[in-house]
Amino acid sequence: MSEVSAAGGVCGSAGSKASYGRLTARMAWQLAAPHTWPAAILPVLVAVAAASATSGTVSVTMACTLLVICVLMQSAVNTFNDYYDFVKGADSADDNVEASDAVLVYNNVNPRSALALAVGFLVAAFALGVYVILAAGWIPLAIGAVGAVIVVLYSAGKTPISYLPIGEIVSGFVMGGLIPLASYQALTGAFDVRALLWAVPTVLGVGLIMFTNNTCDVEKDVEAGRRTLSVLLGRERARKLYHGAVYTWVVAIVALVAAFFTNGLVVMPFMLLAAYPLLNALLKNPLAPPARVGAMAQICSVNIALGAFYAAAIFASGVTLAV
C-alpha cells in the first residue's frame, strides 16, 4: 500500500468518508492487541512482588488500578502505532500479518476512529491516575506523564521513535522500567531507584518484543524508510545480538534473585525447566517475514514464563524457609 493510498482514507473526499464502516467493539479489541498486554502486566506484577517483599503488605486496590492503567497505556501504544503505520503506508496486506493484527488494512474503517480510540485509552488511563495521585502523590503522575509523552512520540511525528535505532531501548525502558518504578512508589510510598535495577529483566523482555517485530520486518522497514536497529545491522547480525539479549535476560533474572531475593532461588530451577522449550523454539526462529506471526507469539510466551517466574521468585523471597 502506498503512502498516498493509505493517507487517502484520512484526507479523501466527503463521499469516500461516507463509505466507511463502523469501528466495532471487536476491531477496537484487536487494535488494543491483548496478546501484547504482558508487556504492561508483567512489569506491574514485578513491582507488586518487590513491594510485597520489601514492605510486607500491598494494597490490592492500588495494584489493580495500576494494572488497568498500564494495560490502557499499552493499548494506546498499539493503537497509535497501527494508526500511524497505516496513514504513512508502512502497513499492507502483503506484510505477513493476520487480519486481526492489521485492522485498518483489512477493514474499511476511518483511520480517525482508531486515532480517537488511542486518545481515549490515554484519557481513561489518566482518569484512573487521579486515584493514584490522591493516594501516592505526584511522583507516579510525573513518571506517567513522561511515559505518555513518549507513547505519543513513539509513533507520531515526522520521525517517530519507532523508526529509529533506539526504538527497542525506549520501549523497553518506558514499559519495562518506568512502570515498575512508578508502581513501586505508588505501592510503598518510597521512591527507590533499586526498582529500576530490579526491572532490568522486564526492560529486556519488553525491548525484545520490539526487536522481534523489527527483525522480522527488515525488508518492509527498508521500503518504508525506517532506520531501526535491525535495518542498520542486517538480519544476521541482528539475530546474533537478539540471541545475546535473550541469554542476558535469563542471566539477569537469576543474578538479581540471587543478589536481592535470595530465598527466591528455589524458584529458579522450575523457571529454567519451564522456559527451556519456549526459549529453544524462539532461538531457532529465523526472524524472517514468513515467521513473523510465530515469532511474536513465541516472544510473548517467553515474556509470560520468565516474567511470572521472576515475580514468583520475588514473592517467595519473603517466605521463611525451614527444614
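A salt bridge is a side-chain nitrogen of Lys or Arg within 4 Å of a carboxyl oxygen of Asp or Glu. This is a predicted model, in which local features need pLDDT of at least 70, side-chain atom pairs count only at pLDDT 80 or more, and totals for chains, interfaces and linings use all residues. Residues are numbered from 1 along each chain as its sequence is written, and side-chain values use heavy atoms, leaving out hydrogens and water.

Q: Which residue forms a salt bridge with aspartate 217?
A: Aspartate 217 lies in the loop between α11 (200–216) and α12 (218–224), and its partner lies in helix α16, so the pair ties together parts that are 75 residues apart in sequence. Helices are DSSP runs (H or I, at least four residues), numbered from the N terminus. The closest N and O atoms are 3.5 Å apart, and the partner is arginine 292.

Q: Is arginine 292 buried or exposed?
A: Buried means under 20% relative accessible area, exposed over 50%, and partly exposed in between (1.4 Å probe, protein chains only). The relative accessible area of arginine 292 is 9%. Because of that value, arginine 292 counts as buried.

Q: What is the relative accessible area of arginine 194?
A: The side chain of arginine 194 meets that of aspartate 192 in a salt bridge (2.8 Å, N to O). Aspartate 192 counts as buried, at 17% relative accessibility. Arginine 194 is partly exposed, and its relative accessible area is 36%.

Q: Which arginine meets aspartate 221 in a salt bridge?
A: Both partners are buried. The N to O distance is 3.2 Å, and the partner is arginine 226.

Methods:
Helix = DSSP H or I, 4+ residues; strand = E, 2+ residues; numbered from the N terminus.
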